[in-house]
Amino acid sequence: ENVLFIKWDRFSRNIEYAYQMIGILRSYNVQAMAIDQPIDFKIPESTVMLAVYLAVPESENTRRALNTMTGMRRARKAGRCVSTAPKGYQNLSHPDGRKYIAPKQPEAELMQYVFTELATGKYNAEQVRKMVYSKGLKCERNNFWKIIRNPIYCGTIVVPPYEDEEIQFVKGQHEPIISEALFYEVQDVLNGNKRQTATKFVSTDMLPLRGFLECPDCQRMLTGSASR
């Protein structure tokens, strides 16, 4: 029996996996055969042609990936967002085809609300996430932590480190949703560098110290509630 395909680049674009799969097929007495690039495996020299047929598509893939990465880094260094727009933004295109991101309402206002509430230190990140979730900003917990750490909201594009280049922060071409001061104030709160204050509670007769006692370990305000 044979496994037929048009060319060897349709069989695999990775030499290591290709040889591994050929060995597996042979163990089942099955031979891989390319219609446009036939190889007679009975001839010893045929292994050379097989290596060429498998190496060319892999090198093309590697070159294409390198060119794509280089182009994306060049775009980031120019201050452009080259990935999917984060919450609060949308992907758009200029008339000449150049892509950019722009604020998207009402998500942009909700993201402003997120950073404003986090900066006060009254609520933790999960509480704020649930608050905006009820307002219509659908975002899971892990993704929420990523976006509130992303400086793209204050107009900064992050260029990841590569080889001998260190991480870079570039002024973006897009419109920021919040100010840099607000963004870094939120980062201080998340990092624990800014003292967080608890939400003001109205004391009851049964809990007169509610909102006044401070935890000696985390320095946050203690609260209380009724229980059965």
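Q: Are Phe115 and Tyr153 buried or exposed?
A: Phe115 and Tyr153 are both buried (under 20% relative accessible area, with exposed over 50% and partly exposed in between; 1.4 Å probe, protein chains only). This is a predicted model, in which local features need pLDDT of at least 70 and side-chain atom pairs pLDDT 80 or more, while totals for chains, interfaces and linings use all residues. Residues are numbered from 1 along each chain as its sequence is written, and side-chain values use heavy atoms, without hydrogens and water.

Q: How many aromatic pairs are there, and how is one read?
A: A pair of aromatic rings is described by the distance of the centres and the angle of the planes. Rings of Phe, Tyr and Trp (its six-membered ring) pair if their centres lie within 6.5 Å; planes under 30 degrees apart are stacked, over 60 edge-to-face, the rest tilted. The count here is 8 aromatic pairs. Phe115 and Tyr153 have ring centres 5.5 Å apart and planes at 50°, so this pair is tilted. Phe115 lies in helix H4 and Tyr153 in the loop between helix H6 (141-147) and strand S5 (156-159), 38 residues apart (helices, H or I, of at least four residues and strands, E, of at least two are DSSP runs, numbered from the N terminus).

Q: What kind of pair do Phe183 and Tyr184 form?
A: The ring centres of Phe183 and Tyr184 are 5.1 Å apart and the planes stand at 80°, so the pair is edge-to-face. Phe183, at 3% relative accessibility, counts as buried; Tyr184, at 41%, counts as partly exposed.

Q: Which residues do ring pairs link into a cluster?
A: The cluster consists of Tyr89, Phe115, Tyr153, Phe183 and Tyr184.
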